[in-house]
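Work through the exercises below with the sequence and the 3D view open. Each task is followed by its solution in steps.

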Amino acid sequence: MSYKNILVEENNGITTITINRPNKLNALNKETIEESIPLPAGQYHFALLDSGGDGFCCQNGFGFYSLYDNSSGDVLVFSDGKFGDAKNETFSVGEVSDE
């Protein structure tokens, strides 16, 4: 699958998603925010890394992130806006077996 403003790379069972707008200092726009990445059922670890260590922001406000499950009608999985250089969350998609 091809994306316009993000890079999706898989390596040894780990999927890395990177915002890819270097000419805009990786600032988000509506297209970037609305890009969806289909995930098969399973348990996932979400790690948000900010290489600048200054959180996400704009010139006059506070930044934040949100993760939605679009397969269930845009259900909010988690959201936050207070972090330094990293934030970690764990979440599940679909039915996850305990085996």
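**Exercise 1: the core**

Leu67 touches Val75, Leu76, Val77, Phe78 and Phe91, leaving out residues up to four places away in sequence; contact means heavy atoms within 4.5 Å. The model is predicted, so local features need pLDDT of at least 70 and side-chain atom pairs count only at pLDDT 80 or more, while totals for chains, interfaces and linings use all residues. Residues are numbered from 1 along each chain as its sequence is written, and side-chain values use heavy atoms, with hydrogens and water left out.

Task: which residues make up the largest nonpolar core?

Solution.
1. A nonpolar core is a set of buried Ala, Val, Leu, Ile, Met, Phe, Trp, Tyr and Cys residues joined through side-chain atoms within 4.5 Å. Buried means under 20% relative accessible area, exposed over 50%, and partly exposed in between (1.4 Å probe, protein chains only).
2. The largest such core has seven residues: Phe46, Leu48, Tyr65, Leu67, Phe78, Phe91 and Val93.
3. Strand 3 (42-49), strand 6 and strand 8 (86-93) each supply at least two residues of this core. Helices (H or I, at least four residues) and strands (E, at least two) are DSSP runs, numbered from the N terminus.

**Exercise 2: a strand pair**

Task: in which sense do strand 6 and strand 7 pair?

Solution.
1. Two strands pair if DSSP finds at least two bridges between them.
2. Strand 6 (residues 65-69) and strand 7 (residues 75-80) are antiparallel, with five bridges.
3. Tyr65 has Asp80 of strand 7 opposite.
4. Five residues lie between the strands of this hairpin, where Gly73 has a positive phi near 85°.

**Exercise 3: salt bridges**

Task: how many salt bridges does a search of the whole structure find?

Solution.
1. A salt bridge is a side-chain nitrogen of Lys or Arg within 4 Å of a carboxyl oxygen of Asp or Glu.
2. The search finds two.
3. In one, Glu31 and Lys4 have their closest N and O atoms 3.3 Å apart. Glu31 lies in helix 1 (residues 30-34) and Lys4 in the segment before strand 1 (6-11), so the pair ties together parts that are 27 residues apart in sequence.
4. Glu31 is partly exposed at 41% relative accessibility, and Lys4 is exposed at 58%.
5. Lys87 and Asp80 also form a salt bridge, at 2.8 Å from N to O.

**Exercise 4: Asn5**

Task: is Asn5 buried or exposed?

Solution.
1. Asn5 is in the segment before strand 1.
2. Its relative accessibility is 7%, so Asn5 counts as buried.
3. Beyond neighbours within four places in sequence, Asn5 has contacts including Thr18, Asn29 and Glu31.
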